[in-house]
Amino acid sequence: MHYVVGALVTGALALIVLLFGGCLQPAQGTEGGGDPDEGTGDKRESQRQRLAQRLKALAASPAPTDLAMGAMCYAAIPASPVADYVCPDCGEKTQYADGPGRGALGEVEGCRRLVEEIDELDVSLDESELCASCGGAEKPQLILAIHYEDEDTPRRVRGVTQRDLRLLREFLDGEKVHTDSQDFESPLKDYTDRLAEILGTRQVTRANLQARLAELAQTEPPTELAPGAMCYEIAMPPERAEYICPTCGERTLYGQELAGLIEWDLESCRRRAEAIEGMDVTLDESELCRSCTPEIEDPTLAILIHYAGEPEPLRIDPVQPADLKLISEFLGGSLVHEGETGFETPLVDHMDRLAEVLGLDAPAETVVEEGA
Ligand SMILES: [Zn+2]
Ligand SMILES: [Zn+2]
């Protein structure tokens, strides 16, 4: 069983949890998904890969000429200082003044309409962060859920705007021009980065990451490391926790054994998976729902990694919040791993686990392997 420790950090962030005995040790059963080797390129392409191809084609296409300049004069409409969000699910009102959430609130109506206009892809808008009784969040954002036809877990894109959805609709409709809300036109190919981010089609190959990991192995570890918080509060996992499945909406009740995973790890993993930049990693929480996966006895959290050129996503299981942090740090070029209480260690010390969670080979001690 896990022991959970909370830490008070400078009074600002109240409780941070740390799982002993799991976060730094290699987990078992890491290879998953029955995914053999890369290079079997002639399997049927997934919907995500087909979109990646189309995005590539768009990026390579010539920019359109004859673009409209749009309206040159418009009246600015002052936003009212306070506005209500009325939740379509529960009917409750949440009031927003200036500050976090006000921006997302202004996007809701337009985003709802745009989501309706997208039919090639199964997308839905998740507004739950805006409703204080349904979900709520410190900084509420709109989330776009993309339900790829061949993937079990929807891809969730946090912080979508009307512009994003307009780009998506234009791309799916095969247009070459982006028209903004002021009818100002620009080449759609200028937005391929953002589109790739939304669709989750960024092109990172496994070989590329393997080379970067070998580079890390050769890098001198940093010597100045933060010691982290020195006082802890012990927190026991709650007696029980309820899991609400974002895919089917069913509730699954868990006792103390898994309550910590649901109450603490899940939210943290969701946030951290969304924060990973530079490659496509999706949190796979499908095992937590008894209705979606009734056959699973010991549910765990997993990640799905979509490598460029590989027909199937790679499934890594189980993962913990610290694993996702390692991935972010590695992709962000950090040489330091920050533990849950602010305690820092050289990232290079976590290379074996990093290799495992990315489905890579652990680099040999002193041998540099050129990206295969
Ligand atoms: Zn609600
Ligand atoms: Zn479910």
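Predicted model: local features only at pLDDT ≥ 70, side-chain atom pairs only at ≥ 80, totals over all residues.

I will begin with helix α6, which has a kink of about 40 degrees centred on D265; the bend at a residue is the angle between axes fitted to the seven residues ending there and the seven starting there. Helices here are DSSP runs of H or I with at least four residues, strands are runs of E with at least two, and both are numbered from the N terminus.

Residues are numbered from 1 along each chain as its sequence is written, and chains are lettered from A and ligands numbered from 1 in the order in which they are written.

Coming back to α6, what do its end C-alpha atoms tell us about its span? The helix covers residues 256–275, and at 1.5 Å a residue its 20 residues should span 28 Å, which agrees with the 29 Å between those end atoms; the expected span is 1.5 Å times one less than the number of residues. Several of its residues are buried, among them L258, W264, C269 and A273, and also D265, where the kink is centred. By buried I mean that 20 or more other C-beta atoms lie within 10 Å of the residue's own, whereas exposed means 12 or fewer and partly exposed lies in between, with C-beta atoms placed from the backbone.

Why do we call L283 buried? Because 22 other C-beta atoms lie within 10 Å of it. Leaving aside residues up to four places away in sequence, L283 touches C269, R270 and A273, as well as L301 and I303, where a contact means C-beta atoms, placed from the backbone, within 7 Å. L283 and R315 are 32 residues apart in sequence, yet their C-alpha atoms are 9.7 Å apart in space.

That brings us to the sheet around β13, an open one of three strands in the order β13-β14-β15 with antiparallel pairing; two strands pair if DSSP finds at least two bridges between them. The edge strands, each pairing on one side only, are β13 (280–284) and β15 (314–316). Neighbouring strands are turned by 25 degrees against each other on average, direction ignored; the axes behind such angles are lines fitted to C-alpha atoms, for helices over the stretch in contact, and the angles run from 0 to 180 degrees between N-to-C directions.

Strand β14, residues 302–306, is joined to β13 by five bridges, with T282 partnered by L304 and D284 opposite A302. Towards β15 there are three bridges, and I303 stands opposite I316. In a regular strand the side chains alternate between the two faces of the sheet. In β14 both faces are covered, with A302, L304 and H306 buried on one side and I303 and I305 buried on the other.

Elsewhere, strands β11 (residues 241–244) and β12 (residues 251–254) are joined by four antiparallel bridges, with A241 opposite Y254. They form a hairpin with six residues between them, and in the turn G249 has a positive phi of about 85 degrees.

Finally, the cores. A nonpolar core is a set of buried Ala, Val, Leu, Ile, Met, Phe, Trp, Tyr and Cys residues joined through C-beta atoms within 7 Å. The largest has 28 residues, and C111, L142 and L168 are among those that touch the most other members. Which element gives the most to this core? That is α3, with four residues. Apart from this core lies another of 26 residues, including L209, I316, L347 and L354.

L165 is one of the buried residues of α3, as are L168 and F171, and what covers them includes α1, α2, β8 (177–179) and α4. Just after α3, G174 takes a positive phi of about 75 degrees.

Terms used. Contact = placed C-beta atoms within 7 Å.
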